[in-house]
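I opened the model to look up its helix packing, strand pairing and backbone geometry. My entries follow in the order in which I made them.

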Amino acid sequence: MPRANLEITVPDSVWIGELSRDYPDAQFEILTVFPKDEGGVALAEITADAVEEVVLAMDDYEAVTNTEFLQRTAETALVQFETSNPVLLLPVRNAGTPLELPFSVVDGSVEWEVTAPRDRLSALGDQLRQFGIEFEVMAVRQEMETEQLLTPKQLRLVQTAVEEGYYDTPRECTLTELADESDIAKSTCSETLHRAEEKIVKEFVDETDPVDERTPAMRA
């Protein structure tokens with residue numbers, strides 16, 4: 001399944017975009033987040049020299065309906081807050097793409113990692129543009145689910161081959177040595193490895209080419 005790294009530019013119209021630019025040295029690490037009927041609730045760790053000042057400034061925003069200190073030190077604060085306008089949540093919710101946490105907002109910029117089918121990634125790009133959120137696709141790579149792709153026997157053999165250096169350059173382990181290590185016949189080892197490699201290569205080619213073709217469509 002494709003895994004995309006996006007760099008999001010949070011608009012000033014979104015309170016955390018403006019706030020993080022007002023305090024460019026502050027880091028807002030969003031640990032958990034979930035939507036409510038109207039708005040959303042999040043848990044964030046804020047790190048800044050004047051962390052209390054930052055939290056008080058956050059609480060002054062009309063869109064921030066509640067803030068609560070859970071833990072505080074000289075330069076960090078664990079804060080639970082509610083917002084009536086969780087703009088950053090809406091594109092991922094509408095596109096049906098799970099957002100990986102935690103992520104950090106610094107000086108109006110945030111990096112997201114999203115793993116989703118290609119059509120969902122494309123929908124996310126459309127949603128971000130619809131909400132006026134600028135973004136750049138930094139990378140798209142294929143995350144193969146080897147546990148589902150390979151049989152347990154094939155997976156064990158491939159893992160052993162990697163551990164023993166069969167795929168190193170130069171090769172640190174011969175096919176005969178790999179078969180001995182796996183306690184199987186050399187012919188069985190060769191056949192099993194070939195079938196596993198065939199599945200991995202075909203899965204990579206089938207999934208990677210369409211992703212590369214669709215990557216420009218996500219770009220802002």
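Before reading the helix pair I wrote down the handedness rule: a crossing is left-handed if the near helix is turned anticlockwise from the far one by less than a right angle, and right-handed if clockwise. I also noted that helices (H or I, at least four residues) and strands (E, at least two) are DSSP runs, numbered from the N terminus.

Source notes. I am working with a predicted model, in which local features need pLDDT of at least 70 and side-chain atom pairs count only at pLDDT 80 or more, while totals for chains, interfaces and linings use all residues. Residues are numbered from 1 along each chain as its sequence is written, and side-chain values use heavy atoms, with hydrogens and water left out.

Entry 1, helix pair. I looked up helix α6 (residues 152–164) against helix α7 (residues 175–182) and found them packed at an angle of about 120 degrees, with their axes 10 Å apart. Axes here are lines fitted to C-alpha atoms, for helices over the stretch in contact, and angles run from 0 to 180 degrees between N-to-C directions. The angle makes α6 oblique to α7, on a scale where under 35 degrees is roughly parallel, over 145 roughly antiparallel, 65 to 115 roughly perpendicular and the rest oblique. I recorded the crossing of α6 and α7 as right-handed. On the α6 side the contact (heavy atoms within 4.5 Å) is made by L157, T160, A161 and E164, and on the α7 side by L178, E181 and S182.

I found P170 in the loop between α6 and α7. The peptide bond joining T169 and P170 is cis, with omega about 0 degrees.

Strands count as paired if DSSP finds at least two bridges between them. I listed 8 bridges between the antiparallel strands β2 (residues 27–35) and β3 (residues 40–47). One of the pairs I checked sets P35 against G40 in β3. The two strands form a hairpin with 4 residues between them, and G39 in the turn has a positive phi of about 110 degrees.

I30 stands opposite F103 in β6.

P102 lies in the loop between α3 (89–95) and β6, and I noted a cis peptide bond from L101 to P102, omega near 0 degrees. In the loop between β6 and β7 (109–115) I found D107. Its phi is near 50 degrees, a positive value in a residue other than glycine.

I counted 7 bridges between the antiparallel strands β4 (residues 64–72) and β5 (residues 76–83). F69 has V79 as its bridge partner in β5. The hairpin joins β4 to β5 through 3 residues.
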